[in-house]
Amino acid sequence: MNNTRRRFLKSSLLGGAAVAAGLRPGEANAQTPTSTSSAALKILVLGGTGFIGPHMVKEALRRGHEVELFNRGRTNNELFPDLKLYKGDRDGGLEALEGGEWDVVIDNSGYVPRHVEDSARMLAPIASHYLYISTISVYGDMSSLPIDEDSPVGTLEDETVEEVTGETYGPLKALCEARVLSEVGADRSTILRPTYICGPGDRTDRYTYWPVRTLQGGDMLWPGTPDDDIQIIDVRDLANFTIDCVEQKIAGTYNTVTPAGTFKMGDLLEDCLAVSAADMTPHWVSTAFLNEQEVRLPIWEDPQGEFSPLLRVDGTRAAAAGLRNRPTRETARDTIAWWKTLPAERTETTRAGITMEREAELLELWMARR
Ligand SMILES: NC(=O)c1ccc[n+]([C@@H]2O[C@H](COP(=O)([O-])OP(=O)(O)OC[C@H]3O[C@@H](n4cnc5c(N)ncnc54)[C@H](OP(=O)(O)O)[C@@H]3O)[C@@H](O)[C@H]2O)c1
């Protein structure tokens with residue numbers, strides 16, 4: 001496995017570990033349902049208090065559904081004080097769920113096939129639908145383009161491995177998907193494969209780096225060209241589609257991404273400038289220079305790189321099933337607004353991207369060569 005592959009998978013993995021929620025404690029409970037597009041459901045969310053879970057919980061409550069949670073009670077425990085929490089560990093500790101009844105299950109927190117198999121096996125006879133959050137990192141072969149839901153997934157030599165690393169994350173998620181399908185059946189399950197999930201609450205700062213750095217102004221390094229493709233999914237769009245899927249029992253596997261080829265680095269730049277009104281001067285620095293300097297920047301890849309197809313994943317199936325992507329400018333605006341609410345110690349530096357010192361060094365070198 002080459003470095004690019006490792007890097008892509010690792011950055012996806014880091015996203016999976018996100019825990020900040022972007023919601024205030026009790027916020028979801030205070031909402032009044034404004035629309036109900038299906039009969040009220042009783043939804044069990046496995047992992048409802050990380051980054052993406054709270055957005056799903058909030059959307060489900062907004063539509064008038066009943067939501068219950070299963071987790072260990074460690075992450076953002078104060079977020080939903082009025083929701084029933086079944087406390088337990090996915091690693092062999094599902095007892096709290098025994099005797100429960102739900103219409104549907106949303107599984108956000110499955111990384112290990114054995115854990116997913118256990119929950120899917122236990123819940124399949126109880127719930128009529130099981131939705132599993134996977135990832136585009138499952139794709140293991142970049143040679144047949146474009147990448148769509150039928151493209152081959154990555155495999156592990158040793159399928160008993162349970163350690164989640166940059167290398168194993170994608171293939172393990174692919175095995176988790178397979179367990180859902182075998183335990184629940186394809187007609188009663190939905191697999192969503194998001195790309196970089198971003199927006200309020202994203203703890204990785206991979207997308208956030210760009211609007212936040214723009215806000216700081218001055219000379220800013222932008223990689224490659226304005227025409228380089230990127231793809232994201234706003235966490236709120238993913239949440240909306242997730243609840244659509246469980247309401248309408250939309251079965252199948254779906255890449256959840258901005259439409260391929262529609263979002264470019266130049267669009268991101270324009271979004272960042274528009275929402276920050278900052279006095280920032282962009283400098284487009286060539287991919288060759290960045291490669292030579294071994295500079296990696298979040299959510300962007302060398303367009304000629306082996307794994308750049310993962311930034312042009314086909315999302316037409318999800319769009320046809322109802323996924324709606326909000327304008328990316330809204331994502332930038334709300335990300336900045338959320339960032340400004342965070343405590344100073346959290347916003348001292350971004351968790352992804354390069355420091356301003358390193359950026360200044362690189363820009364000096366780049367300009368001296370021109
Ligand atoms: N972020 C991205 O860009 C990205 C991209 C593609 C796919 N994904 C997928 O999105 C999901 C990540 O969602 P996330 O970042 O919101 O959450 P996460 O950090 O993966 O999971 C957090 C939630 O799961 C619970 N949890 C964690 N370990 C548990 C365990 N052993 N037993 C029971 N509950 C457990 C946590 O509560 P407790 O700690 O209290 O147990 C919390 O509610 C993953 O499936 C990931 O693969 C993410």
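This is a predicted model: local features need pLDDT of at least 70, side-chain atom pairs count only at pLDDT 80 or more; totals for chains, interfaces and linings use all residues.

1. In strand E4 (residues 104–107), Leu44 has Val105 as its bridge partner, and in E2 the residue opposite Leu44 is Glu68.

2. Strand E1 and its two neighbours. The pairing of E1 with E4 is parallel and rests on 4 bridges. With strand E2 (residues 66–71), E1 also pairs in the parallel sense, here over 5 bridges. Of the 5 residues of strand E1 (residues 42–46), 4 are buried, so the strand is largely enclosed by the rest of the structure.

3. The whole sheet. E1 belongs to an open sheet of 7 strands with parallel pairing, in the order E3-E2-E1-E4-E5-E6-E10. Strand E3 (84–87) and strand E10 (252–256) are the edge strands; each has a single partner strand, so one side of each lacks a neighbour in the sheet. On average, neighbouring strands of this sheet are turned by 20 degrees against each other, direction ignored.

4. Strand E6 (residues 189–194) is joined to E10 by 5 bridges, in the parallel sense. One of the pairs to look for is Thr190, whose bridge partner in E10 is Gly252.

5. Helices on the sheet. H3 packs on the sheet and touches E1, E2, E4 and E5, with its direction at about 160 degrees to that of E2. H7 also packs on the sheet, touching E1, E4, E5, E6 and E10, and its direction makes about 170 degrees with that of E6.

6. The cores. Which residues have the most contacts inside the largest nonpolar core? They are Ile43, Ile52, Val57, Val67, Ile106 and Leu192, in a core of 32 residues. Two or more residues each come from E1, H3, E2, E4, strand E5 (129–133) and helix H7 (235–248). H7 gives the largest share, 7 residues. There is also a second, separate core of 29 residues, with Trp222, Leu297, Trp300 and Trp366 among them.

7. A closer look at Ile43. Leaving aside residues up to four places away in sequence, Ile43 touches Ala60, His65, Glu66, Val67, Glu68, Trp102, Val104, Ile106 and Val246. As general background, nonpolar side chains tend to be buried together in soluble globular proteins.

Technical notes: Residues are numbered from 1 along each chain as its sequence is written. Side-chain values use heavy atoms; hydrogens and water are left out. Buried means under 20% relative accessible area, exposed over 50%, partly exposed in between (1.4 Å probe, protein chains only). Two strands pair if DSSP finds at least two bridges between them. A nonpolar core is a set of buried Ala, Val, Leu, Ile, Met, Phe, Trp, Tyr and Cys residues joined through side-chain atoms within 4.5 Å. Contact means heavy atoms within 4.5 Å. Axes are lines fitted to C-alpha atoms, for helices over the stretch in contact, and angles run from 0 to 180 degrees between N-to-C directions.
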